[in-house]
Amino acid sequence: MAALRPLVKPKIVKKGTKKFIQHQSDRFVKIKWNWWKPRGIDKRVHRRFKGQILMSNIGYGSNKKTKHMLPNGFHKFLVHNVKELEVLLMCNKSYCAEIPHNISSNNHKVIVERAAQLAIQSHQSQCQAAQ
């Protein structure tokens, strides 16, 4: 069977892939690197001085239509059993089935076969467990 194509496949633009790190997390071990907005009135980063760490803002966000979209143009939907595949029957042009890692190989094969019968794109149909 030929691979299913999505209904629309817009060009996915990744605006910024760089992680925002917390101010001075590179200098001190006690400061974690996870982003934390600097709120002090004297902070250089908060005042947006030139050459400082950039603060995250809404302009770095992805396009709503392409957010969480896979490179093949589909959105992922977790499928734990064969019955959950029926949810994707009406929207098989925009969503593809993704089988979690904790599903047994036997169930994995059954889900992949049933997805092929229902013309539903399976995200990991070529993985090790399916063969």
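In which segment is His-123 found? His-123 belongs to the segment after α1, and the views below place this residue and several others within a predicted model. Numbering starts from 1 along each chain as its sequence is written. Because the model is predicted, local features need pLDDT of at least 70 and side-chain atom pairs count only at pLDDT 80 or more, whereas totals for chains, interfaces and linings use all residues; side-chain values use heavy atoms, with hydrogens and water left out.

**View 1. Overall arrangement of the protein.** The protein has 1 helix and 2 strands, helices (H or I, at least four residues) and strands (E, at least two) being DSSP runs numbered from the N terminus. From the N terminus on, these elements follow the order β-β-α. The radius of gyration is 21 Å, well over the 14 Å that the globule rule gives for 131 residues, so the protein is more spread out than a compact globule; this radius is taken over C-alpha atoms, and the rule is 2.2 Å times the number of residues to the power 0.38. Along its principal axes, the C-alpha trace spans about 65 × 35 × 20 Å.

View 2. Of the 131 residues in the protein, 24% are buried, where buried means under 20% relative accessible area, exposed over 50%, and partly exposed in between (1.4 Å probe, protein chains only). The protein exposes about 10,300 Å², of which carbon and sulfur atoms supply 55%; accessible areas come from the Shrake-Rupley method with a 1.4 Å probe, and for residues only the protein chains shown count as cover. The mean positions of the 25 positive and 6 negative charges are 13 Å apart. In that count Lys and Arg are positive and Asp and Glu negative, while His and the chain ends are not counted, and each charge is placed at NZ of Lys, CZ of Arg, CG of Asp or CD of Glu.

View 3. Side chains of opposite charge can pair when their charged atoms come close. A search of the whole structure finds 1 salt bridge, defined as a side-chain nitrogen of Lys or Arg within 4 Å of a carboxyl oxygen of Asp or Glu. Lys-76 forms a salt bridge with Glu-98, and their closest N and O atoms are 3.7 Å apart. Lys-76 lies in strand β1 (residues 75–78) and Glu-98 in strand β2, so the pair ties together parts that are 22 residues apart in sequence. Lys-76 is partly exposed, with a relative accessible area of 42%, whereas Glu-98 is buried at 16%. Strand β2, where Glu-98 is found, covers residues 95–98. Not counting residues up to four places away in sequence, Glu-98 touches Lys-76, Phe-77, Leu-78, Val-79, His-123 and Gln-124, a contact being heavy atoms within 4.5 Å.

**View 4. His-75 in strand β1.** His-75 is found in strand β1 and is buried, with a relative accessible area of 19%. Leaving aside neighbours within four places in sequence, His-75 is in contact with Lys-65, Lys-67, His-68, Met-69, Ser-94, Tyr-95 and Cys-96.

**View 5. His-80 in the loop between the strands.** His-80 is found in the loop between β1 and β2 and is partly exposed, with a relative accessible area of 37%. Residues up to four places away in sequence not being counted, His-80 touches Pro-100, Ile-103 and Ile-111. His-80 and Cys-96 are 16 residues apart in sequence, and their C-alpha atoms are 13 Å apart in space.

**View 6. His-123 and its contacts.** His-123 is partly exposed, with a relative accessible area of 34%. Apart from residues up to four places away in sequence, His-123 touches Leu-70, Lys-76, Cys-96, Ala-97 and Glu-98, so that both Lys-76 and Glu-98 of the salt bridge are among the contacts listed for His-123. The C-alpha atoms of His-123 and Tyr-60, 63 residues apart along the chain, are separated by 28 Å.
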